[in-house]
Amino acid sequence: MIGQLNKEMVQYVTPEGYLTEQGRSCWRALPDESKLQFYRWMTMVRLFDRRAVLLQRQGRIGTYAPLEGQEAAQVGSALALSQADWIFPSYREHGVAMVAGMPLSQIFLYWMGRVEGCEAPEGVRLMPPYVPIATQIPQAVGAAWAAKLRGEESVAVAYFGDGATSEGDFHEGCNFAGVFQVPVILFCQNNGYAISVPFSRQSATETVAEKTAAYAFEGVRVDGNDVLAVYDAMRQAVAKAKTGGGPTLIEAVTYRKGSHTTADDAKRYRPEAEVKEWVEQKDPLQRYVRLLKAEGLLSDADESAWEAECKERIDLGIREAESATPPPATHMFEHVYAQMGPNEWRQRQQCEQGGGQVG
Amino acid sequence: MKQLTLVQAINDALRVALEHDPRVIVLGEDVGRNGGVFRATEGLWETFGDDRVIDTPLAEAGIVGTSIGMAINGLKPVAEIQFLSFIYPGIEQIITHAARLRTRTQGNHPASLVIRAPYGGGIRAPELHCDSTESLFVHIPGLKVVTPATPRDAKGLLLAAINDPDPVIYLEPMRLYRSVREEVPEGWVEVPLGKARKVREGDELTVIAWGAMVPVASEAALQWERQGVSCDVIDLRSLYPLDEETIIESVKKTGRVVIVHEAPKTAGLGAELTALINEQAFLYLEAPVARVTGYDVPVPMYALEDAFRPDVKRVSQAIEQVLAFE
Ligand SMILES: Cc1ncc(C[n+]2csc(CCOP(=O)(O)OP(=O)(O)O)c2C)c(N)n1
Ligand SMILES: [Mg+2]
């Protein structure tokens, strides 16, 4: 809805696992294989995430940003993209990265403080995590703009959080997107908090979606824990962008079950009852499993088989990451410039000799 | 006196400032209920309330810009930028305005405020959290820049910064937040801006460092002292204005200088110090001034941060080379 304040939240699957009316028509149109993909990826992402938190506790990776609770928003949106589409993620989008084709070992390497973990395989248009908040937004707009100018059929997606909507980069990005009508999708996972700061302190508007009224493009608010609704919203936004319809902002309303990072303690700032409600009643995976089981598409046995398979792949990813030969210290001089100049070359030699850089 | 860590000393200074000066406002991301991501503002919101310890939206240009406005209209903001690495959206407000309002209003509306920011590496932080871009600010006329290396200095410098009529960038070495405890005097105590601290006294060589490099420099000097070579170790504390007197006096005594900083070498503060020494003590030098610094590369992710940051071995080698110069 352009130029209107849209505060309605789209929902296809209720927290209890029932299809809403809108949900039913989407459901009917989907092949079973796609329905199962949602489940498989969400499970993979969740198990990866839990394992990563454990690895951090064991000192095998550094500070890590958990995403449990946001699987539907990430998986549903990423599955609506294709290989030609660009992804500009934040630091919490491991789920998006996996679906896009990032090997698990790379994601682990990144959190082991290894720059090699930033590199996506060839053909995967996934940028490294954007740590400074909202900085990816204008860049995604630019990538989409380039697609438009070059006549390429692709979209660019910026993933960011509710806190990011306070930064100038968000507003400047939105404005460019609106003015130049670029095929960009601004995908905001509104998990209610920017570290400890609740959305009410971030913005005086009730929703993120309504902000696009000021930039004259569509803002959609979906239940971010409803993988089907997220997928469909994203699918529509992509189709619209690819046919010249311009930008869309999708606000996926969700919640991170855990702390901001492994260095944070969410108990300091989130009411227990609120956490309990999201964890016990609104879980994205649980509701979807209920639906699949009710529809006869998933059995307990399928579930444990798939979980075992995920665990194996995760183990393999960890083994690969942990056995990846660490580059020498001089690796920090690689790829700084297209060609190393005399100053970097001299310092590289000093670094190689392990120190003294007099002169 | 209480035994405090550096971050506790900062907390103590903020508490004292909030108690003593009703104009003082603490604001920033997560500084309120959460007490700051490093707990620097722990307990302040509970004591002083939502109008004096303020969780802001996530926007550095907003934090700095509104702080300047508050300063113009009679408050004394102490803004926290969560990491120095994330200050860049606020840079325009700092460089164009905070630094120049005194000049542009001919002394009528100076931006009298403090901006605190944790900086530097050494704590295995995630990517893009560990910049040491102090020289960006030192380069800007109108700003003062300080960084403590001890809990006592942390408190004294912060209170002096709050009491200072000019905008002060107060940089907090994350590596040292909890590394030592020491006795910190109670109440309002100041360490004057523009005064360096002698960490060790010696005759043969001068080592100049600041922030997280102070213990590194000091340890290297100690190792040389065990071998019979005594060094002056200077903790600058104040990066602008510089304590020229202490620096030059020491250089005139020793004739040999090693400067240590974590920031990359090119156009780092070491270059400015070297020029200062050339201008004021050239004839006393017995060797070229040496610099031990981070390399001229983007700060690497943490797997390589130890190789990037100057360590005792690198400083010690530099001392050796400068001593050997004839
Ligand atoms: C420019 C900038 N300022 C501050 C930070 C520190 N920081 C990291 S994450 C975060 C909160 C982000 O919240 P939100 O955008 O809602 O994303 P979420 O973490 O909830 O996914 C903050 C303040 C940063 N990374 N970048
Ligand atoms: Mg958030």
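B:Asn34 lies in the loop that runs between β2 (24-28) and α2 (44-48) of chain B. In this predicted model, the relative accessibility of B:Asn34 is 1%, so the residue counts as buried. When residues up to four places away in sequence are not counted, B:Asn34 touches A:Ile195, A:Ser196, A:Asp264, A:Arg268 and A:Tyr269 of chain A, together with B:Arg39 of chain B. One of these partners, A:Arg268, also takes part in a salt bridge with B:Glu42, in which the side chains meet at 2.9 Å, N to O.

The contact between the chains takes 45 residues from chain A and 44 residues from chain B. About 3500 Å² is buried between chain B and chain A, and 56% of this area is on carbon and sulfur atoms. On the side of chain B, 19% of the area buried against chain A is supplied by B:Leu58, B:Tyr295 and B:Met301, more than by any other three residues. As for polar interactions, 13 residue pairs are in polar contact between chain B and chain A, with both residues at pLDDT 80 or more. The elements giving two or more residues to the side of chain B that touches chain A are the strands β3 (53-55) and β14 (290-294) and the helices α11 (305-308) and α12 (312-324) of chain B. The largest share, five residues, comes from α12(B). By residue class, the side of chain B that touches chain A divides into 22 nonpolar, 14 charged and eight polar residues. Two salt bridges are found across the interface of chain B and chain A, among them the pair B:Glu42 and A:Arg268 described above.

Within chain A, helix α9 (residues 227-242) has 16 residues. Its span from the first C-alpha to the last is 22 Å, close to the 22 Å expected at 1.5 Å a residue. The buried residues of α9(A) include a run formed by A:Val227, A:Leu228, A:Ala229, A:Val230, A:Tyr231, A:Asp232, A:Ala233 and A:Met234. A:Ala237, A:Val238 and A:Ala241 are also among the buried residues of α9(A). The helix is followed by A:Gly244, which has a positive phi near 80°.

Another helix of chain A, α7 (residues 168-180), contains A:Cys174. The relative accessibility of A:Cys174 is 0%, and the residue therefore counts as buried. With neighbours within four places in sequence left aside, A:Cys174 is in contact with A:Leu186, A:Tyr215 and A:Phe217. The C-alpha atom of A:Cys174 is separated by 35 Å from that of A:Glu33, a residue 141 places away along the chain.

Over all chains, the structure holds 47 salt bridges. One of them joins the side chains of A:Lys35 and A:Asp32 at 3.6 Å, N to O. A:Lys35 and A:Asp32 are separated by about one helical turn, because they are three residues apart in helix α2 (residues 32-57) of chain A. The two partners fall into separate accessibility classes: A:Lys35 is buried, with a relative accessible area of 7%, whereas A:Asp32 is partly exposed, at 40%.

Helix α2 of chain A also holds A:Arg51, which forms a salt bridge with A:Asp315, the closest N and O atoms being 2.7 Å apart. A:Asp315 belongs to helix α12 (residues 300-323) of chain A, and the pair links distant parts of the chain, 264 residues apart. A relative accessible area of 25% places A:Arg51 in the partly exposed class, and A:Asp315 is likewise partly exposed, at 29% relative accessibility.

In chain B, B:Glu80 forms a salt bridge with B:Arg116, with 2.9 Å between the closest N and O atoms. B:Glu80 is buried, with a relative accessible area of 4%, and B:Arg116 is buried at 1%. In chain A, salt bridges that share partners join A:Arg46, A:Arg50, A:Glu68, A:Glu71, A:Lys257 and A:Asp283 into one network.

Key. Residues numbered from 1 in each chain as written. Chains lettered and ligands numbered in written order. Predicted model: local features only at pLDDT ≥ 70, side-chain atom pairs only at ≥ 80, totals over all residues. Heavy atoms only, no water. Contact = heavy atoms within 4.5 Å. Buried area = accessible area lost by both parts, 1.4 Å probe. Salt bridge = Lys/Arg side-chain N within 4 Å of Asp/Glu carboxyl O. Polar contact = N/O pair within 3.5 Å; in protein donor to acceptor, adjacent residues only side chain to side chain. Helix = DSSP H or I, 4+ residues; strand = E, 2+ residues; numbered from the N terminus. Nonpolar A, V, L, I, M, F, W, Y, C, P; charged D, E, K, R; others polar. Expected span 1.5 Å × (residues − 1). Buried < 20%, exposed > 50% of the residue type's maximum accessible area, 1.4 Å probe, protein only.
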